[in-house]
Structure formats: structure tokens, C-alpha cells
Amino acid sequence: MAIWLVRAGRHGEREEAALEKGMAVIGWEELPDLTPIKTREALAELLKETYPDEGPNRLANWNGQLWAFRDRIQKDDLVVLPLKRRSAIAIGRVTGGYSYQAEGTDGFHTRPVKWLKTDIPRSAFDQDLLYSLGAFMTVCQIRRNNAELRIKAVLEGKKSVAAIQHVSEADQTEAEEGTAPTDIPQYAEDRIREFIEQKFKGHGLARLVDAVLRATGYTTAVSPPGPDGGVDIVAGRGPMGFDPPRLCVQVKSSGPVNVEIIQRLHGSMKGVGADQGLLVSWGGFNAKVPTEQRSQFFSIRLWDSGDLIQALLENYESLSPDIQAGLPLKRIWVLVE
């Protein structure tokens, strides 16, 4: 059983369709149905005809990815989909062969998948696995450092087993993570996530959320460690915190949390006279929570670890000196090609 990274668009534009319709779906919409293609050489010719302005190296890379999706992925292999719209990872089992689905003028290359879990937090994976899952490719096989056994352990809710540092270079192909460039922004975010987990455990996470809210102009009050009655932070605008919007904030350092937590937050909001609520769950949310949140768009916001990190980075220069000292970050500039 192999494990494959299969993305659903650079910005996650095909994620919802993939999860709702039970499939892995990739781009290259200009390409026709690949079912008649029997060899990699024939696929190479089709790519050259379809994309005449692309260079040979890029076409060879695309050939490797498409052939892996079309032919090398087998029934019962596992597919890993890092989600772009929330800090979670979905894992599913391939249930059939390649198929082409036409929608209007566009066509989609798909494989049927039974999604086993769609809400595994990124924090459940060791950093080296996240590095492999950050390969900046649409399709590639993941197997470095005993990845298959370790990802299966995460899928079963067990602690990740130790890495085994062994994969020969000769055993790598152009459609595997050994030759794939890395998604540097995602890699940086994962390193920050790992550091926060170590330095801001338990009540420390509420302190970090409080610092971000203060940096955005809120006046806040943080509940002391221990039972908090469902209210970790209350926050309001103005010098005294009396002005709206008035927030009731609940911070969960474990997860993923379920719909019941949102319902409890509603009760806590009424109890403190808050206009709106913010639920921060470092471990993310189960699959039903986003649907519930959409129905309460104007009253509750959800932050997972990615949302908190994004808010932290946007306001880093306004954070208090003690928080900056505890979380030392440096802005860098890289060339976008």
C-alpha cells in the first residue's frame, strides 16, 4: 500500500468538491481524457502538443505527476490531501481507477476516494512528515523516513512511530518528494506551529491569543488558569473595553473540537453580554463544525492554528515585548518565480 500526496489546487479551489464528491481531483484542465493514453511516451507527446510554450523540464515534471495519477496510484492506496482553507489534513483510500469528468468546457482528472478522516490537525504529524507533505507538487509519493507506517498510525489516532532514515536516491522518481521543491511559506508556518506548541502550552495559548487581540486594539481581561466557565478572554473596544464589538473568547489547546463547543460558546456569550464570540481551537475542528459556523457567520468566528498564526504574523510588530521575546521571528523576502 503506497501513500500519495494529491493536492486539490494551488489555493485549495477544488478541496470542497473533492471532499463532498469523494474523489481526488487535479488540474491540467486543458488536457483531454487520459484513458486512451497507454504509455508515458504518448503522454509526453500529448503534453507537448497541448502546452507548446512550456519548457522540456516542466513538461517532464508534469509527465511524471500525471502518469503517477493516471497509472501508478493503485486501488487501496492512501491519498493525503493537505487542506489550504483550514489547518488540517484529509486522508482517504483510493477505491478505483482513473476517470475523466467533463463539466461544461472544463474537464477534471479524478480518482474515486473514500475519505477516512478530513479533520486531522497538522500538529498531529511530525515535522519531517509535514516537510514531505509540503512538496510543491500536485502529485507525489510519500515514503521517506518510514512515512507509510507513521501516517497510518496518525490515521488510527495513535502516536507517530519513530522515523527510519532510509530511502535510496536510486529508488526515487520524478514523481516523488525527493526531487520536489518545498512550499516554503507552509514549511515556515509549520515550524512556528511546532515552536508555539512547545512554548505556549495550556493557559499559555490563551495568553498568546490575548496578546494578538490587544495588538489589534482590544482591551481584554484573561481568566486565570483553571476552570473558566467557558470564558477564557473577554474583550471590547475603547480604552476601558466598553465599546462594541464585545467578544467572548474560548481557547482550546487540544482538539479537534465538535459542534457542542460552539453551542456552549453561545451560552457563554449571553452570560457575559458579548455581541460576538471567537472560538480558538489549536487542534482544529471536526468536519461538521464549519457547516455549523456558516449558519452563525455574524455571531461566531473560528480560528484554528493556521488562523491564529496568520493573525499573529499580521500583528507581530504590535505585540508586547515579552511576547516577541518568547516568540522571536524575523521577516524575510524571497523571490517568487
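Two strands are taken to pair if DSSP finds at least two bridges between them, and helices (H or I, at least four residues) and strands (E, at least two) are DSSP runs numbered from the N terminus. The model is predicted, so that local features need pLDDT of at least 70 and side-chain atom pairs count only at pLDDT 80 or more, whereas totals for chains, interfaces and linings use all residues. Residues are numbered from 1 along each chain as its sequence is written, and side-chain values use heavy atoms, with hydrogens and water left out.

**View 1. The open sheet of five strands, E8 to E12.** Five strands, in the order E8-E9-E10-E11-E12, form an open sheet whose pairing is mixed. Strand E8 (219–222) and strand E12 (300–303) are the edge strands, each with a single partner strand, so one side of each has no neighbour in the sheet. On average, and with direction ignored, neighbouring strands of this sheet are turned by 20 degrees against each other. E8 runs antiparallel to strand E9 (residues 233–237), to which four bridges join it, and Thr 220 stands opposite Ala 235 in E9.

**View 2. Helices H7 and H10 on the sheet.** H7 packs on the sheet and touches E8, E9, strand E10 (243–252), strand E11 (276–281) and E12, its direction making about 155 degrees with that of E10; contact here means heavy atoms within 4.5 Å. H10 lies across E11 and E12 and runs at about 90 degrees to E12. Axes are lines fitted to C-alpha atoms, for helices over the stretch in contact, and angles run from 0 to 180 degrees between N-to-C directions.

**View 3. The contact between H7 and H10.** The axes of helix H7 (residues 203–215) and helix H10 (residues 305–314) come within 10 Å and cross at roughly 45 degrees. H7 and H10 are therefore oblique to each other, given that angles under 35 degrees count as roughly parallel, over 145 as roughly antiparallel, 65 to 115 as roughly perpendicular and the rest as oblique. Their crossing is left-handed, a term used if the near helix is turned anticlockwise from the far one by less than a right angle, with right-handed used if clockwise. Leu 205, Leu 208, Val 209 and Val 212 in H7 meet Leu 308, Ala 311 and Leu 312 in H10. By class, this contact of H7 with H10 has seven nonpolar, no polar and no charged residues, where Ala, Val, Leu, Ile, Met, Phe, Trp, Tyr, Cys and Pro count as nonpolar, Asp, Glu, Lys and Arg as charged, and the others, Gly among them, as polar.

**View 4. The contact between H2 and H3.** The axes of H2 and helix H3 (residues 56–72) come within 10 Å and cross at roughly 130 degrees, and the two helices are therefore oblique to each other. The crossing of H2 and H3 is right-handed. Among the residues that meet are Leu 43 and Leu 47 in H2, and Leu 59, Trp 62 and Trp 67 in H3. The residues of this contact of H2 with H3 divide into seven nonpolar, two polar and two charged.

**View 5. Two backbone details.** Pro 244 and Pro 245 are joined by a cis peptide bond with omega of about 0 degrees, and Pro 245 lies in strand E10. Trp 28, in the loop between strand E2 (23–26) and H2, has a phi near 55 degrees, a positive value in a residue other than glycine.
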